[in-house]
Amino acid sequence: MRLALLAFLAAGAALADNRVQDPGAPWPTNAEPPRAASMGGAHAAIATSNDALSVNPAGLSQSRRYHLEVDGLYDSKYPAQGVLASVVDSASTAAGTGLLFSRWASGQPSGRGEGWSLGAAYSGAVGQALFLGGETKFLRFHTPDGLVQKFAQDVGLLSRKGNFAWAAVVQNISTEKIPLFPLTGTAAVAWGSDADWHLAFDYKVDFSDTSHVKGKAALGGELLVGESLVLRSGATWDTTEKQWWLSAGLGILTEKGGLQLVWRRRVEGPYDQFFEAGLTIYLE
């Protein structure tokens with residue numbers, strides 16, 4: 001009984017150590033929407049719909065879309081929960097637009113962060129096969145450093161020629177540092193098309209501490225089987241924390257919408273995994 005009690009207390013202490021500041025903690029800056037998450041985060045060069053609002057706003061103008069999407073994420077260890085609701089419209093006009101609302105909570109009480117954000121995105125063609133996009137966000141989160149109420153800006157470029165695409169994104173631009181929302185830059189390349197398959201690679205840099213720049217590399221792929229099933233997988237390597245993450249996902253497509261399911265797990269270090277699901281409704 002003493003051993004059982006000791007194990008219980010140790011488990012409680014371990015849980016108390018889970019903070020939203022921890023590397024890889026489930027948080028808006030560490031977790032992507034379902035399609036991107038299932039590909040390990042390798043997505044900036046192929047974002048085409050609601051996923052563009054979190055990854056690269058330039059992707060809104062890539063394809064004709066008028067979609068409503070609701071996503072949910074759950075991690076029992078930290079614990080962490082996230083809910084995202086978004087709508088995009090690149091079918092009504094030449095420019096693409098979108099709105100994203102998200103509600104997040106992650107970490108134990110001593111290191112917890114929770115709150116909501118609202119973003120408005122816009123995108124358009126600025127050259128042959130070249131798209132420019134931006135997203136203006138308002139962040140309102142309670143963090144271990146206090147209440148954050150700030151505006152931030154994302155800017156992205158995306159170019160596609162045939163089956164090859166490249167992208168560059170800068171996120172969380174602000175006049176001052178925002179706790180838990182660091183300034184990041186992403187460079188990405190991808191091959192393939194939405195009608196068949198994709199292979200993508202992203203490299204993301206965290207500039208929150210210019211004397212100790214952090215980086216993440218992501219590789220992911222997806223394959224369309226028939227006309228209604230998409231298989232996805234990916235891997236992420238945190239070059240600073242020396243951590244591997246593996247992802248797997250499934251997409252089910254119909255004429256009216258789609259369902260996405262994701263599982264993502266840390267390979268090295270403390271065990272952690274999260275599950276994510278998304279429902280998309282085609283409004284056009």
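## Close-up views of the predicted model

**View 1. Setting aside neighbours within four places in sequence, R64 has S90, A91 and E284 as its contacts.** Here, contact means heavy atoms within 4.5 Å. This is a predicted model, in which local features need pLDDT of at least 70 and side-chain atom pairs count only at pLDDT 80 or more, while totals for chains, interfaces and linings use all residues. Residues are numbered from 1 along each chain as its sequence is written, and side-chain values use heavy atoms, with hydrogens and water left out. You will find R64 in the loop between α3 (52-55) and β1 (66-75). Helices (H or I, at least four residues) and strands (E, at least two) are DSSP runs, numbered from the N terminus. R64 is exposed, at a relative accessible area of 57%; buried means under 20%, exposed over 50% and partly exposed in between, using a 1.4 Å probe and protein chains only. From C-alpha to C-alpha, R64 and D238 lie 34 Å apart in space, with a sequence separation of 174 residues.

**View 2. The protein chain as a whole comes to three helices and 14 strands.** Its radius of gyration is 19 Å, close to the 19 Å given by the globule rule for 284 residues, so the chain is as compact as a globular protein of that length. That radius is taken over C-alpha atoms, and the rule is 2.2 Å times the number of residues to the power 0.38. Along the principal axes, the C-alpha atoms fill a box of roughly 65 × 45 × 35 Å. Of the 284 residues, 46% count as buried. If you take the contacts between residues at least 6 apart in sequence, 49% of them join residues at least 24 apart.

**View 3. In the loop between β1 and β2 (80-89) sits P79, reached through a cis peptide bond from Y78.** Omega of this bond is near -10°. For context, most residues other than glycine have a negative phi, and most peptide bonds are trans.

**View 4. A129 is a residue other than glycine with a positive phi, near 60°.** Look for A129 in the loop between β4 (113-127) and β5 (130-143). With a relative accessible area of 24%, A129 is partly exposed.

**View 5. The loop between β7 (164-173) and β8 (184-192) holds S174.** S174 is partly exposed, at a relative accessible area of 28%. Its C-alpha lies 5.1 Å from that of A152, and 22 residues separate S174 and A152 in sequence.

**View 6. Strand β10 (residues 214-225) pairs in the antiparallel sense with β9 (residues 197-206) over 10 bridges.** Two strands pair if DSSP finds at least two bridges between them. V225 has L229 of β11 as its bridge partner. The β10 and β11 hairpin has three residues between the strands, and G226 in this hairpin takes a positive phi near 65°.

**View 7. Strand β12 (residues 243-253) runs antiparallel to β11, and 10 bridges join them.** A235 is placed opposite L246 of β12. Four residues lie between β11 and β12 in their hairpin, and K242 is in the turn. Phi of K242 is near 60°, a positive value in a residue other than glycine.

**View 8. Nine bridges connect β12 with β13 (residues 257-266) in an antiparallel pairing.** W245 has R266 of β13 as its bridge partner. The hairpin formed by β12 and β13 has three residues between the strands. A handy reminder when following side chains here: in a regular strand they alternate between the two faces of the sheet.
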